[in-house]
Amino acid sequence: MVVAVAVSDIPGVPEVAMSVVLSLAGASPSSVSAGASPLAELGAALHAYTEAEHHPRALRWVRGLDADSPDGDRSTREGSTPDGPRPDGPRPDGSTRNGSTRDGAPTSTLTPALRRRIRDWAPLWASYRARYLFPLSPSGDRPLEAELNDLAELPLPLFAELTGYAIRGGNSGATLDRVLHDRAQREGLVTAAEQRSTARAELARRLLDAPESLRADLLDLLAQAARALEPDLARAARVIAGQLPRLRDSIEHSGPGRTLADLDSTASYREEPPRVVFDKFHHGIVNVATTPVLVIPSAFGRPHLLVKHEPGLTAVVHYPLVPEGDDQPGYAVVHRRLEVMRDPGRQRIARAIAREPLTPSALADRSGMTLPQVSRHLARLREAGLVTVERDGRRAYYQLHLERVRSIGEDLLTALFH
């Protein structure tokens, strides 16, 4: 049975609304480990493909997979971002439409039939991802075949329960621990699925009518998708492998708490009692002293950090790798920038310094404001990271940070989808 555990259920940990708390009190350092998961990365890639609007940086990759499809999804083939690819241009990983990268390495391709199957099964790797698409054992770095074998050997009632939660879109609410046999649970799942989409309703009926057949089809689809996406998944695996030594070193020397908190801008490490708090749209608790935590980096997972915590199973923190030097602010920073730019006076100043760097005195002359007013507005813009300052002797020249202002909309979407 999978249940949500309230934060207040752990002694000494106050309830925090809309958050997931990893309680570290009494946990040994070995309770938190790091490793790669080919199955989790495959699930992240499938999610990025079927919900590309959540992944603006993956749009060109998705368009590349759909580009040669006569029945491909028009939402990903038409239109483009300002820096989107030309039809004959390179893909984000350096590949071209002839199926290879510029250095001759192969790239991924999906047949129209496989694209349709991936989209038909999309509820399983939607925002609430099926738990068995992450490692079921506490150890990482296992091959995909071993992870798929764990899924194949999962007890059928538990497979049905976890599948039902994914179809329904969450494990809060009525339990589905007897969904294969309990009439009320069956009817509740079908009703919830019908309210969400036709695809979810179809999967729910298939699960209830023939769960073993559904699992066999799912395993076949995952294996086919892994083979089709192998070139891109192999590149992702190399990126992940390059980050794991640093992650493990941080867990060992900085400690699990601070390492986990550093994975995400919305996370925080707190003491007395020691815990890590992730800002999420649901709340729950993981007692790390009794439940091991496996930390899994992801190349395809950006921007989502997922904390999967099902009683009886290893807890998983699946976090996105962010390239060095990438300026990806969290929700609090985006919110502050939006608030700062709401003010008409700051908008006038922003218009002026968008064109050229100006001193506060020059801005006061152009805007009709007093010098103290200009200085206060510039201070707020600088605190929000929306201006740059260059000094020439005693003079300070302010200029709008064009890239950060330009990306506010995309940053907001990324923060909302986090």
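Predicted model: local features only at pLDDT ≥ 70, side-chain atom pairs only at ≥ 80, totals over all residues.
1. Some ground rules. Residues count from 1 along each chain as its sequence is written, and side-chain values use heavy atoms, without hydrogens or water. Local features need pLDDT of at least 70 and side-chain atom pairs pLDDT 80 or more, while totals for chains, interfaces and linings use all residues.

2. Start with the open sheet: four strands in the order 2-6-8-7, with mixed pairing. Strand 2 (32-34) and strand 7 (306-308) each have a single partner strand, so one side of each lacks a neighbour in the sheet. Strands here are DSSP E runs of at least two residues, helices are H or I runs of at least four, both numbered from the N terminus; pairing takes at least two DSSP bridges.

3. Strand 2 runs parallel to strand 6 (residues 293-298), with three bridges between them. V32 has V293 in strand 6 as its bridge partner.

4. Now the helix on the sheet. Helix 1 (residues 38-50) touches strand 6 and strand 8 (315-320), at about 50° to the direction of strand 6. Contact means heavy atoms within 4.5 Å; angles run from 0 to 180 degrees between N-to-C directions of axes fitted to C-alpha atoms, for helices over the stretch in contact.

5. Elsewhere, strand 9 (residues 387-392) pairs antiparallel with strand 10 over six bridges. E390 sits opposite Y397 in strand 10.
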